[in-house]
Structure formats: structure tokens, C-alpha cells
Amino acid sequence: MHVMRLDELRGRIDEINLELLSLLTERAQTVQEIASEKEKQGVPKFDPLREKKMLEDLVARNTGPFTDETIRQLFKQIFQASLSLQLIDHKQQLLVSRSKQKANTVIQLGSTVIGTGKPVMIAGPCSVESYEQVRTVAAALKAAGVTVMRGGAFKPRTSPYDFQGLGLEGLQILKEVADEFGLRTISEIVDPSHIEIADQYIDVIQIGARNMHNFELLKAAGDAPIPILLKRGLSATIDEFIHAAEYILSRGNTQVMLIERGIRTYEKATRNTLDISAVPILKQETHLPVLVDVTHSTGRKDIFAPCAKAALAAGADGIMVEVHPTPATALSDAAQQLTIDEFNTFFEVIRQSGLF
Ligand SMILES: O=C(O)C(=O)C[C@]1(C(=O)O)C=C[C@@H](O)C=C1
């Protein structure tokens, strides 16, 4: 008799569960509609005042046996789950998102293809200082089998009294040397008005860490018909980094590569802290190629090789490293650029690792 009563009550609970599930599903679908409405209006997803009002109304109607506190907790749980749903949906709608595009974005630079699983080595001086300097590095890179060279012409430096780069002349030097050796080039642009000119001289525009949040520059890069290498900001979260890339894609330019270059932490043993975890996360969440800059992240030549190997093991599509004929006399980043011999040794270690 008792057993039958228990079964009956549990049967009723099963029915109530299904009713709750169907109501929760309907609620979640309504929340998704609210999310797309908010998206259109540019309104934030989290609305604490609305949540407070709903909790007050619910508690006012509570007749027990649950306490008011229990009702608050239960509904707060529902609001939180609803908010997460809105945020996940939003991320999945991004153009950079892996759920929008399953296939990897591939960047073709001459015969070099980035993003297909075969890693690329990008090397070159921090700054373009002279024709001879760039030519010496280019000849060495060519001999080592490197096809993409970096070199800074516009240098956003911490101090206004530090070398600011050769500007347009630097881009001209890059072009002249790259043409001679059949290399492709990457250089940073800091001013939206320079993008059009840059397109005539270089193959990839870099947007530097300090400019990752320069939205006008991101928009201009998004309007340009040239691949973009976007560096992660000094203190940018992965989410902010992804949204910065979205700015570029949202304007039509889908040729975007991401580069992790270390983030600011309390650690002083390295220049910045190389966030290796960013590599698999960016690869999972976006379809864009992901590179790692071992020079700026670590600032320490003695650990470039293990860090580059770690990056490749984590799924990076390439490595960027700085090389200078005479680092001691370099006009920027003197301490952390490799000599040509050091670069050759470094590249050999990476090639031997079986990861490259
Ligand atoms: O009403 C809203 O603005 C919603 O986004 C829905 C909802 C909810 O689940 O009710 C979700 C998150 C907000 O913080 C507030 C409320």
C-alpha cells in the first residue's frame, strides 16, 4: 500500500519535472530572443536591476514551503544560466568563431601557406635601420630557408625619445630587399592613413600590441585588401583579443592572423609571460592562424627554443623571432635579438624537434 503511494508521488514528480523542463526550455528560448534584441540595440546582456526586480516580485508572491532565500537562490541560478546562454550564443555568432567557420583560415604568401598545419618561421630585425642591415638579414634568412621576413618601420616605443623607426623609407628598404631575395614581408602600421601606402610595399600589415585596442586602426585594416597580423595587447584578455580580430573581419577582411606575444603579469624572470594556453584556446574558438612571438613574450634568448617548441606542440601555426646582424648596436630591443649565427642554431633546434 505504502509502496504504491510512493510510486504514485514519484510519478507526479516525474510529470512536474517534465513540465518544469518544458517551461525552462521555453524560458531559455525567450532569453535567446531577448539576447538578439539586445544585440541590435547594443544593450549589455547582464541586467542586475532587472534581476533584482524579478527576485523581489517572486519573493513577494512566495507562499512557501520554500524560504524566500531558497527562492532567490533557485531563480538566481536560472538567471545565471540564461546569461551564460546569451554570452555563448554571442561568441558563436562572431565571424572569427570556429562555429561560424569550421575550416581553418589559410593565408597564402607567395609559396608559403599559413594555417594548414605546416608551421611557418617568421624572422627579421626589430627595426629597419638601414638597407645594409636588412639586406644582411634577408640574405641569411633566405639561406636558412625562411620565406617571410619581419621588420619595423613605424615603431611605437615606450619613450618618445627612443628611435621611432624610418617610416616610409623603412618600408621602401623592405620592399627593395624582399624583391631581391624573393621574400614576403611583415611590418607594423600605426596610422590608418598609412594602410594604403603600406599595401604597395609590404605583404602583411602588423597591428602591434599597443594598438590592439585602436578601433579606428582595426576598422581601417578591415577595409584593406591585405593580410593582417594582429598582436595580442599587453594586458588584453583572450576575449578582448578575439573581439579585436572581429573588428577586422566585420569590415570584410578575412585574412587575419593572431599572434600571442606575452601578457603582463607579476613575473619578472621574463619580459612578459608567454601565455601558451592562449594558443589552443584561440585555435579552438577561432578559425584564424595563431602564431607565437618568442622574442617579445620572453625577452630571453636562452629560452626562445623551448618556448617555440612549446608553442608548436600547443598547435601554433608559426613562430616569430627577431634577428639582427649586430644586436648589441641595434636601435631597438638590443638585448633580445638573435645574431644570424644564433638564429641558425635556433632554427636548427626547432627543425630537429620534429614539431616543425
Ligand atoms: O531580461 C533580460 O534583459 C535578460 O537578458 C533575461 C535575463 C533572465 O534570465 O531573465 C537574463 C540575464 C539578465 O541579467 C537579466 C535577465
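Tutor: Two residues are in contact if their C-beta atoms, placed from the backbone, lie within 7 Å. Among contacts in the chain between residues at least 6 apart in sequence, 66% join residues at least 24 apart. This is a predicted model, in which local features need pLDDT of at least 70 and side-chain atom pairs count only at pLDDT 80 or more, while totals for chains, interfaces and linings use all residues. Residues are numbered from 1 along each chain as its sequence is written.

Student: How many helices and strands does the chain have?

Tutor: There are 12 helices and 10 strands, where helices (H or I, at least four residues) and strands (E, at least two) are DSSP runs, numbered from the N terminus.

Student: OK, on to α12: which of its residues are buried, and which are exposed?

Tutor: Ile-340, Phe-343, Phe-346, Phe-347 and Ile-350 of α12 are buried, meaning that 20 or more other C-beta atoms lie within 10 Å of a residue's own, whereas exposed means 12 or fewer and partly exposed is in between. The buried residues of α12 fall within an arc of 120 degrees seen down its axis, so they line one face of the helix; the arc is that of the directions from the helix axis to the C-beta atoms. Asp-341, Glu-348 and Gln-352 are exposed on the other side of α12.

Student: And what covers the buried residues?

Tutor: The cover for the buried residues of α12 includes β3 (120-124), α4 (131-144), α11 (304-313) and β10 (318-322).

Student: What follows α12?

Tutor: Gly-354 follows α12, and its phi is positive, near 80 degrees.
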